[in-house]
There are 2 protein chains.
Amino acid sequence: MNLLLLEEADFTAADRAVLSDRRFTHMQDIHRVAVGDSLRVGRLGGLMGQARVERLEGHEAELSLSFDQPAPAKLPLTLILALPRPKMLRRVFQTVATMGVAKLVLVNSYRVEKSFWQTPFLAPEAIRENLILGLEQARDTVLPEVIIEKRFKPFVEDRLPAIAQGTLGLVGHPGNHPPCPRGVNQPVTLAIGPEGGWIPYEIDLLGKAGLAPVQLGERILRVETAVTALLARLF
Amino acid sequence: MNLLLLEEADFTAADRAVLSDRRFTHMQDIHRVAVGDSLRVGRLGGLMGQARVERLEGHEAELSLSFDQPAPAKLPLTLILALPRPKMLRRVFQTVATMGVAKLVLVNSYRVEKSFWQTPFLAPEAIRENLILGLEQARDTVLPEVIIEKRFKPFVEDRLPAIAQGTLGLVGHPGNHPPCPRGVNQPVTLAIGPEGGWIPYEIDLLGKAGLAPVQLGERILRVETAVTALLARLF
């Protein structure tokens, strides 16, 4: 936790907050804060700044707050991701928030196991919790937008063309394709497939929506590693 | 497991192998192979090729083998990593092997907790197991070299200058430094710090050994994410 992220309910005044949950435990056990200590703090969806520990007792801490710094810019990116397996999904939410993805679309694909859609990690509060862990890691305050599309074809045919329009549209896909471009200066729409990859029909449909296949070399990466590697190369 | 990786003990002849362990279970449960099926196969430290399932019974499978393809090239990189916390370390071994790092040096740092050195994941057989998982993911057969340096100063003063000589020497370090270069065409020696970063004394010493600080932007990445992001950007 490189940033203590505050929500509206934590504020007792414009410049005061009281904490008693996971964040309080973390401040005590990991940061071992004392009265008078300073911490980096952010307001969810707002500015970042400094907190001073004013009072520390039993099960709560009171902080005085000042906010003066904007959150880092998001990547100009819509990431379309075939739903990963649940264990991976949790880390992907964190990674996507840490890396600064603006918008994430989770989509079905032929090689996504049906059971993956049953995971509790897709519940709105679980998504939010993991995105917040990612923001705390990165020092960011702004939640990425997350959209869930359980049907591939209607999403790719009806909604993806409008998302991809005016952006560099790419699909990460192993094979004899151009290498993924480096250091681009424009908005990107990037699709990353499931373990085992997109099937040819899906690549065709993504192509018609404006997304061209690019590759990262011979090595097959786990989904989470592929997300980080493609974003680090693109931006 | 995108590659079935065979060791000398698995071979019953130059072109035959019998399997009965984790790899056999994986072939049955995940790949659901039948007699006559083909699988991608590699010889640890050697060539890759195809296996055909010749016999499948009870608790073992017999494969006929042909090898004709070299493993993908390694990155021309020595990665020096402050020892991560155990949970992260396991994934870092896998990621390092998957990404194709040639040589990994795990080193102490002021902000590495002493208890991290006690982890069972540093036992040679545990290191090997996780590197092999990473090779199976990537489709590679060649284990990265792993070196463990429990003392920072003697390593950085006495041995690092020879490693860094003739390479592009870099330290990933947040702050007002040049951005990490993209798409380099030369060997690299790259050091990545612990959670919380290197301390100034360590940055000084790494600098004297030929490693200059570079940054990846405002966002603070987890160690595993930083490794992937820096490698994807460099190569």
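Which residue forms a salt bridge with E224(B), and how far apart are the closest N and O atoms? It is R222(A), with the closest N and O atoms 3.3 Å apart; a salt bridge here is a side-chain nitrogen of Lys or Arg within 4 Å of a carboxyl oxygen of Asp or Glu. Keep in mind that this is a predicted model, where local features need pLDDT of at least 70 and side-chain atom pairs count only at pLDDT 80 or more, while totals for chains, interfaces and linings use all residues. Residues are numbered from 1 along each chain as its sequence is written, chains are lettered from A and ligands numbered from 1 in the order in which they are written, and side-chain values use heavy atoms, leaving out hydrogens and water.

**Where the chains meet**

- Chain B puts 29 residues in contact (heavy atoms within 4.5 Å) with 29 residues of chain A.
- Between them the two chains bury about 2500 Å², 49% of it on carbon and sulfur atoms; that is accessible area (1.4 Å probe) lost on putting the two parts together, summed over both.
- On the chain B side, R219(B), I220(B) and R222(B) lose the most area to chain A, together 29% of what that side buries.
- The count of salt bridges between chain B and chain A is four.
- From chain B, α2 (86-99), α3 (124-138) and α6 (223-234) each bring at least two residues to the side that touches chain A; helices (H or I, at least four residues) and strands (E, at least two) are DSSP runs, numbered from the N terminus.

**The sheet in chain A**

- Six strands make an open sheet in the order β9-β8-β7-β11-β10-β12 (chain A), with parallel pairing; two strands pair if DSSP finds at least two bridges between them.
- β9 (145-149) and β12 (212-214) of chain A sit at the edges with a single partner strand each, so one side of each has no neighbour in the sheet.
- β8 (residues 101-107) of chain A pairs with β9(A) in the parallel sense over five bridges, and K103(A) stands opposite E145(A) in β9(A).
- Helix α2 (residues 86-99) of chain A packs on the sheet, touching β7 (75-82), β8 and β9 of chain A, and its direction makes about 155° with that of β8(A); axes are lines fitted to C-alpha atoms, for helices over the stretch in contact, with angles from 0 to 180 degrees between N-to-C directions.

**A loop in chain B**

- N185(B) is in the loop between β10 (168-172) and β11 (188-192) of chain B.
- The C-alpha atoms of N185(B) and I199(B) are separated by 30 Å, with the two residues 14 apart along the chain.
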